[in-house]
Structure formats: structure tokens, C-alpha cells
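Student: I'd like to go through this model piece by piece. Can you take my questions as they come?

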Amino acid sequence: MTTSTQAATGNPETGTFWRYFMTSPTFWMVFFLALVVLGLALPIRLPLGPNYWDTDIYLDAAQRIWQGQIPNIDFFTSIGPLGFYLTAGIKALFPQAQPALLANWAIVPVLLPIAALIARDVAPRSRRLALAILIPLLFLTSLPINLHSLYPSPGFDGFGYYNRHVALLLYLLLAALLFVESRILLTTLVAVLMAALFLVKVTGPVSGAVLVGYAVLAGRLRFRDAAIAAGAVIACLGVIEITTGVVYAYVEDVLVLAMLNSASFLRRFLTLGSIKFNVIAPCLMLLGVLAVAAGREKHSLASLLASPLGWLSASLFALILGETQNSGSLEFIGLWPVLILILRAYYPRSDDRLRPYVLVLVMAAALPSAVIFLERGARAVIAAPRYQALDVPDVGPLGRVSLKPELAERAIAQVDHYPKYNDAYEDLVRRGLLPSATLFSEIDHQATWLLEVQQGIDAIKHWEATNGRQLNGFFALDFVSPFNHLLGRAAPLHVALGIDTERTNPRVTAEMLEALRDIDAIMRPKCPVEVKRAAIWKQYAQALEGRQLVALSPCWDMYLRKLNRPVEARIDSGLGLFAGANALDADALSSE
């Protein structure tokens, strides 16, 4: 009888065993880490998404670091060095990792230990609370997805990695400030998180400083502990500066970036309000309900600051301040620990007439982000089996993407189309127009870029074999320059990493020109010729002086550094591979 009952109901000890593990924060962290390692080790092919070429910045930076270059010192970048160093380290362990996953998970070595420490402090008091903090963090770290879609076709976002990293770190900072009880641990976590935020992107510690300052006012962090944390951050950055000089160089780059973007702050406030209306509006309504609830009771200033109303107000302000300077992120997920605080305060109040309004508005503030993340990720995963891979064998893991067959066919056709109708695209450049207003967000254009890079690699290899000369390095007059890390060549010093003519394009200096003078090949992409590429080409015109123009392929011109050797008398353009390409520029030849 006992045996039959156990067979029907299951072994209670087994059920207890699994229930213990399923409610264990350690189990979920180990499980997540195992999935990350598996995802980095396997040759995964991802559905292509908007602005995928941003991913190449991390590969370029990793190779530069391996070659001894230091971010912000040896090359300009608009963000901090931490993400690049983490990417370089993980890529050394997993050289064939899909780059979008690699860049997205670069922050995991920082996130997981901090999350583990928070869970260790919280779990003895409440496992449910620890899981409520941890599970959303792991969920939002799992895939390279932003909470605002730029293209209707399913795919993973190829941009905004560092903005997502900042959002996740701010999530942990708020979770620590709200729920960690150990003074020593809280002070340590604040110091580590503020240092990490600074070294990822400077907008992070701006929001973080507001949150830490408010925690002092609200009594969650003693002023003395905040001062100790600030001193630890300054000491850490001081050691980094003394040993590498990167902190001062980083601040210089940030100031340059601020000057380049000074006119866009107000526009970004309005853009953020428009894009994130689905979060900001319910949060403002929730603030109104919490204010009504606070008005029913007599609160001292201290208790009001420590209340859910105070924390939601301060957190919303801090995150708006930071998100105005981000493009593509997990916007406002840092509010979730505050929403947990509100739920813990109001869920037990079954007799409170405002309780239903509070609960509904908390869900309204949180669910859109969760649903968007889940829906976009699920669409990409479900669509992947019917997607078509691109034929880009020399682009390595960067080319391990897929897209709709009709978009793949369009991309292949565009590579053939652009050179044939170059005059039409030159006319758009003269008018200051892109071929499409959303060109870089269009998945078929990102596929065209990958095919363009493959064509360039084929042409370079053919030219080198024909002329018996291995080019020492490349600089592409484009947003990214992938040839060095794809062909194992030396990247030039002092040039910007990710050249955006409107946002991240510092002026050309004598130092830049001197570095480019030693690079054998400056590459000009032509599929298509477009206004931003034309602006970069014009800006670096001085670096092209004295070089020989080689029409390398239909999509690429190469400005070749001349060698003072007799072998340089004959230059083969390498056009045998590419029917219909232009001949070697006659003016360049006559200049010799």
C-alpha cells in the first residue's frame, strides 16, 4: 500500500530536493553560468539584427589590446576600457565565440560575483526576495536584446552593449542600496559598482552618484560609509592611472565626446520620453498614487525619504539622467528593485483601498519591458531555423549570422547593384542624404556590409599573392575597420574606434596622420558610397596624399603606401577576380 501511494504521489524526499534547488539562488547562477559557457564554446549562428557592425568594435578593440594598445590612450573611444578588456580576456578563452554573445556577456564576470554577494546577504532573511532580485537580472542578461526595436524583422541587436552593461550594473546598485543589510558588504559593493560603472561608460556613475547620494539622505547608507566607498573608488582609479595613464585619457575622450554632442541633450530628453512612454507614464501615475497614500499619513522628512515614494522619485530621476545619453539599452530596468520594494510594502495591505491601484501600476511599469524582451528574443529564436546563412567564410565568427532568405537575396543583389549605379549614390552624397533614412538599422544593409567585407578580403588576398607583398595593416574609411583583426595585421595607433561623423569623430591630429603614414593600406568602401563614408573620406584626405590608388574590387578602393623599392614600379590592381571593376586610377599612376 505504501509503495503504490508513493508511486502515485512521487517520493516526497525527491520533491523536497528539487524544490530546494529550484529556490536556491546558487543553483540559478550556476545554471546561468553553464549556459553562458556553452553559448560561448559552441559555433552558434545568430539571426542578424540592426547595427550589427557595432559588434566589430569589440573585436577590433580586443585585437588592439592583445597587440599592446591601451584603450583611450592608443585609440580614441567614447566609452571606458573595462568592456574591451573583459571581451579580450573572454575571447582568449573562447576564440570562436559568436561576437554578439561575446560582447553581450563580457560583463558577466563582474555581474555574477556581485549578484552572488547580494543574494548571500538577502537569502537568509528571504529566499523569495533573493530570487526576485536575481532571476530578472539573469533573464535580462541572457540575450543581446534592447527594449526598443529598430527593425520589424526578428533578430538580435548588434549595438548598445555597453549601455546594457550600465543598465545591469545600475540594477545591482539599486538592489544593494535597498536590500543589503551588512554595512561592510554594502560599502564594498557600492565602491566596486561605482568603479565598474565609471570604467564601462561615464554616464553610469552620474546616475550611480545620484542613487548613492539619495541612499545617504534616506538613511540606507551612512555618510561615513559613502565617503569610504568614494575614497576606495578614487584610490582604485588612482592606481589604474599611475600604472597605465588610462583614466586621464578616458576623461579627455569623454570631454571631446561631450563637445561633439553638446547640442543634442534636449533632443535626447524628448526622444527618451517618446520611446519609453510605456515605462515613464505608469511610473508617474504610480508616483501620484504613492503621494496620495503618503498624504493620508503623517511622515517625517526622514521617513518620507526612506519610503517607496522617495526611492521611486529619486531612481526615476537618476535613470532618466543617464538614459538620455544612451542609444539602445535595457532602459529603466534599474527601477525593478524599487518596484520590488513597493510590492513588499503594499502587497500585504489587503484592507488598503489604494493597494489595487499600486499593484496594477507596478505591473504596468515592469511588464512592458519584460514582455518586449521575451517577445523579441522568442521571435528571433523561433525564426532562426528558416533563416539563411551568408556566404562569408573569411569573416570568421563575425559572419556567423543568418537572415530571411529574401533579405539575403536583396543583400547579394545590392553588392552587385551599388557599383553599377555609383553616380546615383554620389548624387545623394551631394544632397547630404543617405540611401535610406534608416540605412544602418536595416538588416539587409548589415548583410550587405558583411558581403562587402568578404569581397574586400578576397581582393586583398588576391592582390597580395599577385604582387608578392603582404600589407602590414589597414585603415578603413568607414564606421568600423575589420580587416586587421580578420587578417591578423597591426591596427594603426591613435585613430578612433567606431567613427560616427555626428557623434564620435574627433578632429584629425598630426599624431593620427603620422600613425596612418606607416599603414600600408587605407581602404575606401563603395557599396554604397554614402554621406557618412564620404565625410570620413574627406576628413582623412591628408592621410591619402602621396599614396597610390588601386581600384581593388567593385566595392573597394585601396590607397596604397608606396615603397621606395624597384618592385613597386608594377602595381597589379587585382581586378581579375572582379569583372566590371574600374581600372587603376590614371592620375595616381601618372603622379609617380
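Student: How many residues link β6 to β7 in the hairpin?

Tutor: Some ground rules before that: this is a predicted model, where local features need pLDDT of at least 70, side-chain atom pairs count only at pLDDT 80 or more, and totals for chains, interfaces and linings use all residues. Residues are numbered from 1 along each chain as its sequence is written, and side-chain values use heavy atoms, with hydrogens and water left out. Helices (H or I, at least four residues) and strands (E, at least two) are DSSP runs, numbered from the N terminus. As for the hairpin, the number of residues joining β6 to β7 is two.

Student: Which residue is the bridge partner of L549 in β7?

Tutor: Strands count as paired if DSSP finds at least two bridges between them. β6 and β7 meet that with four bridges, in the antiparallel sense. Within β7, the partner of L549 is Y559.

Student: What is the order of the four strands in that open sheet?

Tutor: Strands of a sheet pair through backbone hydrogen bonds, either parallel or antiparallel. Here the pairing is mixed: β4 (residues 474-476) runs parallel to β5, with three bridges, while β5 and β7 (residues 556-560) run antiparallel, with five. The edge strands, each pairing on one side only, are β4 and β6 (548-553). Put together, the order is β4-β5-β7-β6.

Student: And what does the twist average from one strand to the next?

Tutor: For angles, axes are lines fitted to C-alpha atoms, for helices over the stretch in contact, and values run from 0 to 180 degrees between N-to-C directions. From one strand to the next, the twist averages 25°.

Student: Is β5 largely enclosed or left open, and how many of its residues are buried?

Tutor: Buried means under 20% relative accessible area, exposed over 50%, and partly exposed in between (1.4 Å probe, protein chains only). A521, M523 and P525 point one way from β5 while I522 and R524 point the other way, and all are buried. So β5 (residues 521-525) is largely enclosed by the rest of the structure, and its buried count is five of the five.

Student: Which residues stand opposite I522 and A521?

Tutor: Take the two partner strands in turn. On the β7 side, A521 faces L560.

Student: Which peptide bond is cis, and what is its omega?

Tutor: Most residues other than glycine have a negative phi, and most peptide bonds are trans. The exception to look at involves P528, in the loop between β5 and α25. The cis bond joins C527 and P528, with omega about 5°.

Student: What caps the N-terminal end of α25?

Tutor: A polar contact is a pair of N or O atoms within 3.5 Å; within protein, one must be able to donate a hydrogen and the other to accept it, and residues adjacent in sequence count only if both atoms are side-chain atoms. Here a side-chain oxygen lies 2.7 Å from the backbone nitrogen of K532, and the capping residue is E530.

Student: Within what arc do the buried residues of α25 fall?

Tutor: The buried residues of α25 (residues 531-539) are R533, A534 and I536. They line one face of the helix, because their directions from the helix axis to the C-beta atoms fall within an arc of 160°. Contact means heavy atoms within 4.5 Å, and the buried residues of α25 pack against α21 (422-431), α22 (443-467) and β5. The arc, again, is 160°.

Student: Which helix gives the largest share of the 173-residue core?

Tutor: A nonpolar core is a set of buried Ala, Val, Leu, Ile, Met, Phe, Trp, Tyr and Cys residues joined through side-chain atoms within 4.5 Å. In the largest one, L173, L177, W311, I342, L450 and M523 touch the most other members. The largest share, 16 residues, comes from helix α9 (residues 161-179).
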